[in-house]
Amino acid sequence: HGFSYKKPKPQPSKADPEKQSEFVKDYHKLLAETPDSEPILFADGVHPSMATKISYGWIRTGKKGKAIATTASRTRVNLMGAIELKSMKLITTVHDTINSDSMDEFFKQIQQCYSSSPKIHIILDNGPYNVSKKTKESARNYNICLHFLPTYSPNLNPIERVWKVMNEKVRNNVFFNSAKEFRKKITDFFDYTWEDIAPQLTSRINDNFETILSAV
């Protein structure tokens, strides 16, 4: 009858397609008008937890699903990250918690990585610590120009795909024996693994944005 059995794709109910399209237009204008000496980065925070993340995987036909030990541990790593798509350069910092003070530390690290750049552009969402007065002051101190995504638009932030790759490589269907092991696996991904795999990820992590259509 022309039907297939599929799972619906979730999307934020409050996403605004018009504002997303406007952002994409403004982003391409930014790309066209920004000199090569001014990097453009996409940034976001992430909080991977030690809790076992069960995911799909390849299992030989006819075999029962593989059993995996699980833990509900709430141990987590609080990370801020920024990616420059042109070079696939990824900058991350680890924090006890993410707030305006953490953003200042994060901006300082970014500025050190681009010390010769007269200005740095960072695109990020409207999280409370991103839009706070203190964060905006910190950005100015480090010659950083902040650009904000439309609300409810994770699909317009390529670093979200970085977090997905991190889960695939580190967390999916993995049981961690200790918090120390978990934290090391996460930091090793960003410190070592990313540099090796980044060149092969340009087709997944890029600015070929897909704007959200209304779900209603």
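Tutor: Let's start with a definition: a residue is buried when its relative accessible area is under 20%. Keep in mind that this is a predicted model.

Student: Why is Tyr27 called buried?

Tutor: Its relative accessible area is 4%, and the cut-off is under 20%, so Tyr27 counts as buried. Tyr27 is found in helix 1, residues 17-33.

Student: Which residues does Tyr27 touch, not counting residues up to four places away in sequence?

Tutor: Tyr27 touches Ile40, Phe42, Leu85, Ile123, Asp207 and Phe209. Take Ile123 as an example: Tyr27 and Ile123 are 96 residues apart along the chain, with their C-alpha atoms separated by 9.3 Å.

Student: What makes the pairing of the Tyr27 side chain with the side chain of Asp207 a polar contact?

Tutor: The distance is 2.7 Å, and the definition asks for a pair of N or O atoms within 3.5 Å, one able to donate a hydrogen and the other to accept it. The Tyr27 and Asp207 side chains therefore make a polar contact.

Student: How do you know that strand 1 and strand 4 pair?

Tutor: Pairing needs at least two bridges. Three bridges join strand 1 (residues 40-46) to strand 4 (residues 120-124), so the two strands pair, and they run parallel. Leu41 stands opposite Ile122 in strand 4.

Student: What is the strand order in the open sheet?

Tutor: The five strands have the order 3-2-1-4-5, with mixed pairing.

Student: Why is one side of strand 3 and of strand 5 left without a neighbour in the sheet?

Tutor: Strand 3 (89-95) and strand 5 (144-148) stand at the edges and have a single partner strand each, so one side of each lacks a neighbour in the sheet. On average, neighbouring strands of this sheet are turned by 25 degrees against each other, direction ignored.

Student: Which strands does helix 1 lie across?

Tutor: Helix 1 lies across strand 1, strand 4 and strand 5, and runs at about 130 degrees to strand 1. Helix 2 (residues 100-113) packs on the sheet too, touching strands 1, 2, 3, 4 and 5, and its direction makes about 150 degrees with that of strand 3.

Student: Is Thr135 buried or exposed?

Tutor: Thr135 has a relative accessible area of 0%; since buried means under 20%, Thr135 is buried. Thr135 is found in helix 4, residues 133-141.

Student: What does the side chain of Thr135 reach?

Tutor: The Thr135 side chain reaches the backbone oxygen of Tyr129 at 2.5 Å. Leaving aside neighbours within four places in sequence, the contacts of Thr135 include Ser100, Met103, Phe107 and Leu146.

Conventions:
Residues numbered from 1 in each chain as written. Predicted model: local features only at pLDDT ≥ 70, side-chain atom pairs only at ≥ 80, totals over all residues. Heavy atoms only, no water. Helix = DSSP H or I, 4+ residues; strand = E, 2+ residues; numbered from the N terminus. Buried < 20%, exposed > 50% of the residue type's maximum accessible area, 1.4 Å probe, protein only. Contact = heavy atoms within 4.5 Å. Axes fitted to C-alpha atoms, helices over the stretch in contact; angles between N-to-C directions.
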